[in-house]
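Please look at the sequence and the structure shown below, and then read the report that follows with both in view.

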Amino acid sequence: MSASTVIFYILAAVIIGGGMLAVTERKIFRSAVYLLFSLVGIAGLYFYLNYEFLGAVQIVVYVGGIVVLIIFSIFLTVESGSDMKNPNFIRALFSVLAAVFATSLVLWILKAHTFVASTTEALEPSTRNIGRQMLSTGEHGYILPFEVVSILLLAAMIGCIVIAMKLKPKA
Amino acid sequence: MNEIGLMHILVISTSLFFIGVYGFLTRRNMISMLMSVELILNAVNLNFVAFNKFLYPGQLSGLFFIIFNIAIAAAEAAVAIAIIINLYRNHRSIDINDATTMKF
Amino acid sequence: MPETIYIALIPLLPILSFLLIALVGRRYFPQICGLLGTLSLLSSFVISAIVAYQYFFVVGKVNGIYKQIIVFKYAWLQFNSNISIDMGLLLDPISVMMISIITFISLMVHIYSLGYMKGDPRISTYYSFLSLFTFSMLGLVLSTNIFQMYIFWELVGVSSFLLIGFYYTKPSAVAASKKAFIVTRFADLGFLIGILILSYYTDSLDFQGIIKKATDPSFIGSLASVSFMGLSVLTWGLVLVFIGGAGKSAMFPLHIWLPDAMEGPTPVSALIHAATMVVAGVYIVARLFPVFTFTCPDALQVVAYVGIFSSLFAALIACTQTDIKRVLAYSTISQIGFMMFALGVSGYGGEQGLGFMASMFHLFTHSIFKALLFLGAGSVIHYVHSNDMKDMGGLRKLMPITHLTFLIACLAIAGVPPFAGFFSKEEILLAAWQSNKLIFYAAIFTATLTAFYVFRLYFQIFWSKTFSAHHDQSDAPEHKHGEAPFSMLLPLIILGLLSIVAGLVPFGHFVSSDGEVLNTELHLGFSIAPVVLGLLGIGLALLFYKKENDKPNRMASALSGFYTGALHKFYIDEIYLFVTRKVIFNLIGRPAAWFDKTVVDGSMNGITSFTTSFSGWIKGIQSGKLQDYTLYFFSGLIGFVLLVIYLWT
């Protein structure tokens, strides 16, 4: 068993274990921290697959942004030290069954399916290539989605401010 | 175990996806549900990476999808948290079952 | 008849006035509603007088026989080539006679009511009901079709119900109206079945068609094999029709509603329950008379015996009652019994048809003098504010005109010559004498009783003790006005005059069983016995009631058992109550109600409660909770995928 395989399994364990703990932990703050582990594990997996840029984005946006945002909102809303309520037993049972069933079903389909890889020459996922394609207007250019996403982000920003803004009581 | 391949990553992503689904189904706290949704999104992202890496190495489409996904996820999380905070202000609770004002 | 369609105005004017008063007048011009109704009826009366003149003297007679004329006929519901429900107008001697008498009495009652009902807040409603009744009654007598008659028959029942229950705040009036409606409705069931049987076997709903087919000898022969319990089906049909007629005409044992119907306003009693509606039963028998005589003499026997029994029975009860309107009600039953048995003993055509003619004649005269009696009684009640004889007495000086007209009416009903009742009653008795001696003796006894009880009534009201204000309203204003207002006196005077002269009409020239002229002469020798007996009855009443004395009480105690029975109307009401409450309710009603509640309702309720709980459960699925929906979504997805896999492998 090579070192890289070992690393892969460690990452897989971190991702799955972090995810499981994140959805079962009863203290919400700890839950957020486990989510953080899971996301970092995914970033690690990106690095492992040689997508360095993607790993960096994952860490910056998810770990540095979204999870921090979530933790902030936890502080703002609930008492982070208290336990969350246990889920309804029957609901939990059915959810487990649904999850397990669906997982095994998907895995079974995956096992039955043969993936055919394309034979084209590999393109290095370097930051340089990403940057060129991102702003290219030609084939494999992503300038339009890029602009659209920028508008979306602007809209989301304004929307957040408007929603979360405290309305002053009228005099 | 031999070489790490497509299947390994797909197994991880599938598991993570349904862990997220389980969390989404059982959690009653809205922030926890949001966290479960993030898990689901990441499972999807992982799939994109895997397919791009192992099946279509000649292009970067999967990668770009992930980038846009992350951007959209960030926007979504921001809006969701804004809504949750606003709800908390009005109801003093972020339990999904307490938000029944608009129910018929 | 030229331009005959104007005849349709006779029934149409009252219905127009009903609609106008009920829909518009009641709200916008309630003061003149009475006048409006009276005027429309006046026009109706004038038209029917013209029609009667035209029919009897100008066009009706063809070769010495009065023909049936169908003025207008419209097939309303066509069932097959023969059977249809028509709407039409039929003129023949009896219908023309009936429309004249109905419009006339109704007009008198309308005029009378202007005074009688004055000041009643619901006078406009009252007039609308009167118009409705008049319309229905006219439609009934003008029907060409037995089903059309049935429709109007029911309408008459409804308007009678409305008018009896006119004082609907009085529980007794409500009970009486319900009683009248239910009893007559029950009888109408017989009528309807009778109609169905007749029309099924004769293949027609038309009076002419039925009569033509049913009196055809070959047809009678063909039906001989079709019988039920020893009587032919046509006899059963006619008996059932007669049950309907007996219900409306208050024949024993369906008479119980009529005395109670006196809860309505007195002019209504005069119009409906004395002069017009109650003779509908006589009219239907007369209308189908050829069928009765030729085809089913057995049914006619039933009519005769029911008639004479009711007549005697009601006369006996009338002798004991103290409510003056009830006395008159029983007297009405008795007189209608006279008409019924006169029809029952009659034959068809020529001298044989004397009973038919006499019955119609008595119907005619009785309408006049009975209306007069009721209206007179109405005046008295209006004055005394009581229905009970014990509260009256010595009124002859206070109400001279009422007194005089009432006396005329009493003499007429008692059969004293030359008043109206004498002639018609003599002919009835003669017809009975010629055909059935048993009925004759019963009838003559009844006639004596009639004379006795009407004069008992008369003396108790107008003589006996002096009228003292023993209803303690010594300064009540009604004491001052004395006689009734003019609008009430006018009909009394007109009717009084007619009661004197109506008997002199040569009735046989106009109405007879076969349309030919029937000459009747007075058999003076025959008339002696009835007149003497009638005078005897009057004398007895004079002896007993002219002055207050204890003879009536001694008489009553001498006949104690019988007297008590008659006083309680021979317990017929009690028997009905026993049969309905104890027998029908307990043995049929309760189990049926139980079955209805537990089995029928129970199964329905079970279905609804199951649906409710089931939908409640489904509603729980539709919770509005996002997580629930997601769970269903995944469960469904898995189920679906499993199904696909199962089918593929």
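Of the 649 residues of chain C, 51% count as buried, where a residue is buried if 20 or more other C-beta atoms lie within 10 Å of its own, exposed if 12 or fewer, and partly exposed in between, with the C-beta atoms placed from the backbone. This is a predicted model, in which local features need pLDDT of at least 70 and side-chain atom pairs count only at pLDDT 80 or more, while totals for chains, interfaces and linings use all residues. Residues are numbered from 1 along each chain as its sequence is written, and chains are lettered from A and ligands numbered from 1 in the order in which they are written.

The pLDDT is the predictor's confidence in each residue, from 0 to 100; its mean for chain C is 80, and 89% of the residues of chain C reach 70 or more. Over residues 469–480 of chain C, however, the pLDDT is below 50, and this stretch has 6 contacts in the model beyond near neighbours in sequence, a contact being two residues whose C-beta atoms, placed from the backbone, lie within 7 Å. Where pLDDT is low, the predicted coordinates should not be read in detail. The model as a whole scores ipTM 0.90 and pTM 0.65.

Chain C holds 26 helices and 6 strands, which are DSSP runs numbered from the N terminus (helices H or I, at least four residues; strands E, at least two). Two of the helices are set out here, with an expected span of 1.5 Å times one less than the number of residues.

| Helix | Residues | End-to-end C-alpha distance | Expected span | Buried |
|---|---|---|---|---|
| H19(C) | 437–462 | 37 Å | 38 Å | 21 of 26 residues |

Because 21 of its 26 residues are buried, H19(C) is largely enclosed by the rest of the structure.

A nonpolar core is a set of buried Ala, Val, Leu, Ile, Met, Phe, Trp, Tyr and Cys residues joined through C-beta atoms within 7 Å. The largest such core has 204 residues, and Ala371(C) and Phe455(C) have the most contacts inside it. Helix H16 (residues 354–384) of chain C gives the most to this core, with 19 residues. Leaving aside neighbours within four places in sequence, Phe455(C) is in contact with several residues, including Cys410(C), Ala414(C) and Leu542(C). Apart from this core lies another, of 68 residues, among them Val40(A) and Tyr22(B).
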